[in-house]
Amino acid sequence: DVSVSAFDVSRKEGESISLTLDLYNTSTIFPNSVIEEVLKKENGTNNAFLIFTTYNKIDSQFSSSVPNQGSIVYGLTLVNQEGKIISVSNTSSPILLSLSLLSQLSVDASSLDCLWWNELESQWKNEGCTRKSISKSLIECECYHLTNFSAGVLPTRNAPPAQVVDGSKSSFPIAAVAGAIAGGVVLIVILAVIIVIILK
């Protein structure tokens, strides 16, 4: 199932465009300065539409599910009058997204992050979006590009084990160097003794 809200940006007034998906208690605030900045690159056209979409079933849309999913997936796109997607990235001002959270979560709401779908890498990422606030029912995100968004928790990468340094243990580099030096000195002493014995 898909729900859509659209706005003709040529009718924009004030400082921002606000789109709401009432059924999902979800909204976005898009700065008009960003619209102007993007359309200036598109030969100054003013004929474009801001489209806000929800994806209730994402299996056929994305090759990877949202990790520890906290909300359904929402898409925010700017298209020209021919329906071609206009690229929006590295905006000068943040785009605000207020996403409704799922009623049943597999993780604690406070651990949720703002995630976005990276088309090139076919995976969910969090760089480029910042969690502004979170409650039991809503997460607010500030993002600087347009794509598909959700809330979730990315798996953490395993960090390399820390080296233990205390009174009884030395860290690996120091122990290795000291061992090599001691071994070298012992070898030289043994060789010196052997040489002296042979020469006698």
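Tyrosine 55 is buried, with a relative accessible area of 16%, where buried stands for under 20% relative accessible area, exposed for over 50% and partly exposed for what lies in between, computed with a 1.4 Å probe on protein chains only. This residue has its place in strand 4, strands (E, at least two residues) and helices (H or I, at least four) being DSSP runs numbered from the N terminus. Although tyrosine 55 and valine 73 are 18 residues apart along the chain, their C-alpha atoms are separated by 5.3 Å.

The model is a predicted one, in which local features need pLDDT of at least 70 and side-chain atom pairs count only at pLDDT 80 or more, whereas totals for chains, interfaces and linings use all residues. Residues are numbered from 1 along each chain as its sequence is written, and side-chain values use heavy atoms, with hydrogens and water left out.

## The nonpolar cores

A nonpolar core is taken here as a set of buried Ala, Val, Leu, Ile, Met, Phe, Trp, Tyr and Cys residues joined through side-chain atoms within 4.5 Å. The largest one holds 36 residues, of which Phe30, Leu50, Leu76 and Leu78 touch the most other members. Among the elements that give two or more residues to this core are strand 2 (16-21), strand 4 (48-55), strand 5 (73-80) and helix 1 (32-41), and helix 1 supplies the largest share, 4 residues.

Leaving aside neighbours within four places in sequence, leucine 50 is in contact with residues including Ser5, Phe7, Ile17, Phe30, Leu76, Leu78 and Leu146, contact meaning heavy atoms within 4.5 Å. A second, separate core of 7 residues includes Phe62, Val66, Val73 and Leu115.

In helix 1, Asn32, Val34, Ile35, Val38 and Leu39 are buried. Because they cover an arc of only 155° around the axis, they lie on the same side of helix 1; the arc is that of the directions from the helix axis to the C-beta atoms. On the other side of this helix, Lys40 and Lys41 are exposed.

The cover over the buried residues of helix 1 includes strand 2, strand 3 (26-31), strand 4 and strand 5. Just after the helix, asparagine 43 takes a positive phi of about 60°.

## An aromatic pair between strands

The structure holds 2 aromatic pairs, counted where ring centres of Phe, Tyr and Trp (its six-membered ring) lie within 6.5 Å, with planes under 30 degrees apart called stacked, over 60 edge-to-face and the rest tilted. One of them, formed by phenylalanine 52 and tyrosine 74, is tilted, at 6.2 Å centre to centre and 35° between the planes. This pair links distant parts of the chain, with phenylalanine 52 in strand 4 and tyrosine 74 in strand 5, 22 residues apart. Both phenylalanine 52 and tyrosine 74 are buried.
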